[in-house]
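Subject: Structure handover

Hello,

Here is the structure for you to look at. My notes on what was found in it follow below.

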Amino acid sequence: FGVGWGLSGICPGAAYASLGIGNVTILWAIVGMFAGAYLQGVWRSKRTAAEATPAGAD
């Protein structure tokens, strides 16, 4: 989400509105927003799983 927003310089609401008026090149920004959100979710779930793993016999 933040990656697409940062690289394109356009907020998600304006990106969808721009797509609605026929600006198809904005699809790159929208794809970047979705890819960023997905990758952040994957990273966060892996980090959470690693923190939940028992450290041993404490």
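Helices here are DSSP runs of H or I with at least four residues, numbered from the N terminus. Please keep in mind that this is a predicted model.

UniProt, in an unreviewed entry, lists residues 15–39 as "transmembrane region". In the model that span is 76% helix and 0% strand, and its end C-alpha atoms are 20 Å apart.

Is Ser18 buried or exposed? Its relative accessibility is 11%, so Ser18 counts as buried, the cut-off being under 20%. Apart from neighbours within four places in sequence, Ser18 is in contact with Asn23 and Ile26.

Helix α3 takes in residues 27–52, which is 26 residues. At 1.5 Å a residue α3 should span 38 Å, and the 37 Å between its end C-alpha atoms agrees with that. Buried residues in α3 are Ala29, Ile30, Gly32, Met33 and Gly36.

How do the two helices sit against each other? The axes of α2 and α3 come within 9 Å and cross at roughly 140 degrees. Angles over 145 degrees would count as roughly antiparallel; α2 and α3 are therefore oblique to each other. Their crossing is left-handed. On the α2 side, the residues that meet α3 are Pro12, Ala15, Tyr16 and Leu19; on the α3 side they are Leu27, Ile30, Met33 and Phe34. Of these, Ile30 and Met33 are also among the buried residues of α3.

Regards

Definitions and conventions
Residues are numbered from 1 along each chain as its sequence is written. This is a predicted model: local features need pLDDT of at least 70, side-chain atom pairs count only at pLDDT 80 or more; totals for chains, interfaces and linings use all residues. Side-chain values use heavy atoms; hydrogens and water are left out. UniProt positions are given in the numbering used here, feature names are shortened, and annotations may be inferred rather than shown by experiment. The expected span of a helix is 1.5 Å times one less than its number of residues. Buried means under 20% relative accessible area, exposed over 50%, partly exposed in between (1.4 Å probe, protein chains only). Contact means heavy atoms within 4.5 Å. Axes are lines fitted to C-alpha atoms, for helices over the stretch in contact, and angles run from 0 to 180 degrees between N-to-C directions. Angles under 35 degrees count as roughly parallel, over 145 as roughly antiparallel, 65 to 115 as roughly perpendicular and the rest as oblique. A crossing is left-handed if the near helix is turned anticlockwise from the far one by less than a right angle, and right-handed if clockwise.
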